Amino acid sequence: MSQPQSRESRGFPDYELPRLVRLTDNLHGAAFFLMKLLPARHMLDRAAADGRLKPGGTICETTSGTFGLALAMLAAVRGYKLILVSDPAIDEHLHKRLIELGVTLEIVEKPYEIGGFQTARLDRLRAALEANPGSFCPSQYGNADNPRAYAEVAEQIAERLGHVDCLVGTVGSGGSMSGIARFLRHLNPDLHVIGVDTPNSVVFGQPDGKRLLRGLGNSLVPPNVDHSQFDEVHWVGAAEAFLATRRLHQHHALYQGGTSGAAYLVADWWARTHPDRRVVTLFPDEGHRYVASIYNDDWLAALPGWTGVLPEAPQPVAHPSDVRPSWSSFRWDRRTLDEVLAAGTPVARDLAEAA
């Protein structure tokens with residue numbers, strides 16, 4: 001007879017790993033219910049095991065996306081108190097669900113001149129930690145347990161699909177892509193890795209700015225982003241990502257969010273231009289939170305830059321500072337961020353030769 005599960009170990013194991021869906025002859029999608037459940041559970045398990053998180057304790061974190069939802073779900077079933085620091089960009093449906101799950105949600109109303117909302121939120125997070133002695137902060141941006149958690153996904157992909165030539169996915173905290181790429185490269189050192197970001201995100205060298213496409217990108221460079229894992233970087237605008245999200249649903253019946261659309265746009269193009277290569281792309285969360293936005297034709301039609309037409313291919317750029325608003329690509333060549341930014345425009349000569 002199996003032993004009863006302790007409250008501190010409860011979770012959602014059936015929802016942590018993705019469904020692997022064949023989209024075309026050489027393209028597979030790893031479609032998650034909620035990708036952040038896996039690293040959130042892994043981080044809480046490790047913290048509980050070594051005493052950093054006590055039974056009935058308090059968790060404090062800053063997030064405006066699905067990592068907060070994953071923490072809220074786990075805190076609810078494990079009996080933890082959860083304090084989340086966010087900003088006005090948080091989705092209203094996510095906001096309501098977090099409150100329903102018992103989260104104490106602190107909204108930072110004004111961004112800092114340098115570092116924007118991200119730095120302002122980090123300051124508020126520090127204040128919350130000081131006000132709650134003994135509380136635990138998962139620190140998804142810098143916690144090495146974040147990328148480590150994705151060993152399970154890499155193992156699933158390798159067991160089910162065998163040899164993989166290209167991995168495509170969006171980059172926010174850096175955990176999923178840096179982790180999965182690192183593990184898969186033990187099997188295939190030549191694995192081609194493509195990171196997908198959005199304009200006005202600093203993760204791959206863009207200046208910080210307002211971003212309509214959420215769930216990827218950042219206003220700070222997270223320590224968990226291992227830039228040296230990436231062969232290419234693509235920047236996808238909101239309108240293009242949202243239209244690709246709809247195409248993913250219409251053509252493949254996968255009802256996903258906007259980050260999945262951005263990944264699909266890039267992966268589908270790369271798979272079509274490399275028909276002899278096997279491609280896997282990550283779809284981080286389902287689309288139910290976006291019924292009133294991405295899946296609403298009137299909302300889409302009112303978007304700045306909305307044309308209803310997807311570009312056929314990205315525009316290659318010579319440097320991250322040259323990124324276009326719609327869809328740009330850049331040969332990263334497994335370099336660090338400092339190496340890329342220091343190289344400057346001479347990369348243009350290599351880019352022109354490759355084209």
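## Aromatic pairs and helix contacts

Phe 204, Phe 230, Phe 330 and Trp 332 come together as one aromatic cluster. Keep in mind that this is a predicted model, so read everything below as computed from its atoms.

Tyr 15 belongs to helix 1 (residues 13-16), while Phe 33 is in the loop between strand 2 (27-31) and helix 2 (37-49), so the pair ties together parts that are 18 residues apart in sequence. Tyr 15 has 42% relative accessibility and counts as partly exposed. Phe 33, at 28%, is also classed as partly exposed.

Next up is a tryptophan pair. Trp 269 is in helix 10 (residues 258-273) and Trp 327 is in strand 11 (residues 327-331), so here the linked parts are 58 residues apart in sequence. Are these two tryptophans buried or exposed? Both Trp 269 and Trp 327 are buried.

Now for the helices. Two packed helices are described by the angle between their axes and the distance between the axes.

| Helices | Angle | Axis distance |
|---|---|---|
| Helix 7 (residues 151-161) and helix 8 (residues 175-184) | about 50° | 8 Å |
| Helix 3 (residues 66-78) and helix 4 (residues 92-100) | roughly 20° | within 10 Å |

Take helix 7 and helix 8 to begin with. With an angle of about 50°, they are oblique to each other, and helix 7 passes helix 8 in a right-handed crossing. On the helix 7 side, the contact is made by Ala 151, Val 153, Ala 154, Ile 157 and Ala 158; on the helix 8 side, by Ile 180, Phe 183 and Leu 184. Sorted by type, the residues of this contact are eight nonpolar, no polar and no charged.

What about helix 3 and helix 4? Their angle of roughly 20° makes them roughly parallel to each other, and helix 3 passes helix 4 in a left-handed crossing. Gly 68, Leu 69, Ala 72 and Met 73 from helix 3 meet Leu 94, Arg 97 and Leu 98 from helix 4. That contact splits into five nonpolar residues, one polar and one charged.

Two single residues round out the picture. Ile 83 is placed in strand 4 (residues 81-86) and counts as buried, at 5% relative accessibility. Which residues does Ile 83 contact, leaving aside its neighbours within four places in sequence? They are Thr 58, Ile 59, Cys 60, Glu 61, Thr 104, Glu 106, Ala 128 and Asn 132. As for Leu 17, Ile 83 is 66 residues from Leu 17 in sequence and 26 Å from it in space, C-alpha to C-alpha.

Thr 245 is the other one, found in helix 9 (residues 238-252). Thr 245 has a relative accessible area of 0%, so this residue is buried. Not counting residues up to four places away in sequence, Thr 245 touches Gln 256, Gly 257, Gly 258, Gly 261, Ile 294 and Tyr 295.

How values were computed
Residues are numbered from 1 along each chain as its sequence is written. This is a predicted model: local features need pLDDT of at least 70, side-chain atom pairs count only at pLDDT 80 or more; totals for chains, interfaces and linings use all residues. Side-chain values use heavy atoms; hydrogens and water are left out. Helices (H or I, at least four residues) and strands (E, at least two) are DSSP runs, numbered from the N terminus. Buried means under 20% relative accessible area, exposed over 50%, partly exposed in between (1.4 Å probe, protein chains only). Rings of Phe, Tyr and Trp (its six-membered ring) pair if their centres lie within 6.5 Å; planes under 30 degrees apart count as stacked, over 60 as edge-to-face and the rest as tilted. Axes are lines fitted to C-alpha atoms, for helices over the stretch in contact, and angles run from 0 to 180 degrees between N-to-C directions. Angles under 35 degrees count as roughly parallel, over 145 as roughly antiparallel, 65 to 115 as roughly perpendicular and the rest as oblique. A crossing is left-handed if the near helix is turned anticlockwise from the far one by less than a right angle, and right-handed if clockwise. Contact means heavy atoms within 4.5 Å. Ala, Val, Leu, Ile, Met, Phe, Trp, Tyr, Cys and Pro count as nonpolar, Asp, Glu, Lys and Arg as charged, and the others, Gly among them, as polar.
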